[in-house]
Amino acid sequence: MSAVTGRYAPSPSGRMHLGNLCCCLLAWLSAKSKGGRVVLRIEDLDTMRCPRSFADLLESDLAWLGISADEGGSAGGAHGPYYQSERSAIYQHYYDILDRRGLVYPCFCSRSQLHAADAPHRSDGQVVYPGTCRDLTPEQIAARARPRPPAWRVRVPDEEIAFMDGHLGPYRENLAQDCGDFYLRRADGVFAYQLAVVVDDALMGVTEVVRGADLLSSTPRQLWLYGELGLKAPEFIHMPLLLASDGRRLSKRDGDVSLETLKARYTPEEIIGRLGYLCGLQSAPDPRTPAELADGFSWDRVPQEDILLPDGLF
C-alpha cells in the first residue's frame, strides 16, 4: 500500500454542488501529488436522505470529471463495504467497546431543550451539551424511556486535545468545556457521524483526511475517539469553504451551482480549471485536467480564508 492514502467521503443527499466538488478535488490532488492512493467512501448513514441512486450519480459525476478513486464506491476493494449504510455491524463492535467501559449513556433531551436560550453555546453557535442526562438513575432512565426511546452519548473527559492541522495550523479544544458529551447513536438506531468516520478512516487505512473547515471543531473529539478505541489517527487537513458571492454557504438544498447545471455548460477541463483558479493553483481559469493540477500541487498555494465565488466565473 502507498505511504499516503487519502479519501473523499461525500454524502449523497442530492446532486453535488461546487463546494462538494472542490473538496473532492483537493483531497484527490493532495494524495496524488504525493504519489498516493484515494478511497471513495459513500456516507449514507441516513438512508432516507441518501438513496443509492444519488450515490451512483455522484460516482458518475466524479468519473466524468476525472477524479477517479483507486478503491471504494461501487467498484469495491479490500476494505469494503464502502457504503456506511452497510457497515452497521462494524460500528456496533466499536460502540460496544465504549459501552463496556461505562462511557455510553442514554440521553432524552429534545432538540428544543438543547437549543434553549439558557443552554451553553460556543462562539460559532453550536450547543455545548450541559450533561443533563449524564447521571440519571436506573429508575429515571426506565421512566423516561417509556414514552420515547433515547439517543446515546459518550462521556468525554475534562481534557484539552490539541493538534496541528496540515493547512490551518494549530488548533486546541477542551472536550468538556467546548464540546460536551456528544452523540454516538441516534434514537432511531442510526450511528452518529463522529463514530462512523473514525472507524471507517482507521479500518480503510486512510492516512490523510482533507475536508472543509466547518469540520475543524469535530477533530478533537475524533482524535479522542481514536485514542479510546486504540486506532491510528490520520493527518487532518482542513480546506477553506467555497461560498456564494454574497457570503452564503453553498447548499444542495438550494441548488447552488450543481453538477447538473455545470455539465450542461462546461467541459470537465473547464470546470476543473476554474476550481483550480479559485483555489490558487493557477493564475487564470484555464482548462485543466486533475492530473495536470496535481503536478506541482502545494497546500501553500491554497488560501486559508473562505473563498467567495466570483460572479460570472460559473
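The mean positions of the 34 positive and 42 negative charges of the protein lie 4 Å apart. Lys and Arg count as positive and Asp and Glu as negative, while His and the chain ends are not counted; each charge is placed at NZ of Lys, CZ of Arg, CG of Asp or CD of Glu. The model is predicted: local features need pLDDT of at least 70, side-chain atom pairs count only at pLDDT 80 or more, and totals for chains, interfaces and linings use all residues. Residues are numbered from 1 along each chain as its sequence is written, and side-chain values use heavy atoms, with hydrogens and water left out.

The secondary structure comprises 11 helices and 12 strands (DSSP runs numbered from the N terminus, helices being H or I of at least four residues and strands E of at least two). The radius of gyration of the protein, 20 Å, is close to the 20 Å that the globule rule gives for 314 residues, so the protein is as compact as a globular protein of that length. This radius is taken over C-alpha atoms, and the rule is 2.2 Å times the number of residues to the power 0.38. The C-alpha trace spans about 65 × 45 × 35 Å along its principal axes.

Strand S2 (residues 37–40) pairs with S3 in the parallel sense over two bridges. Glu71 in S3 is the bridge partner of Val39.

Definitions and conventions: Pairing = 2+ DSSP bridges.
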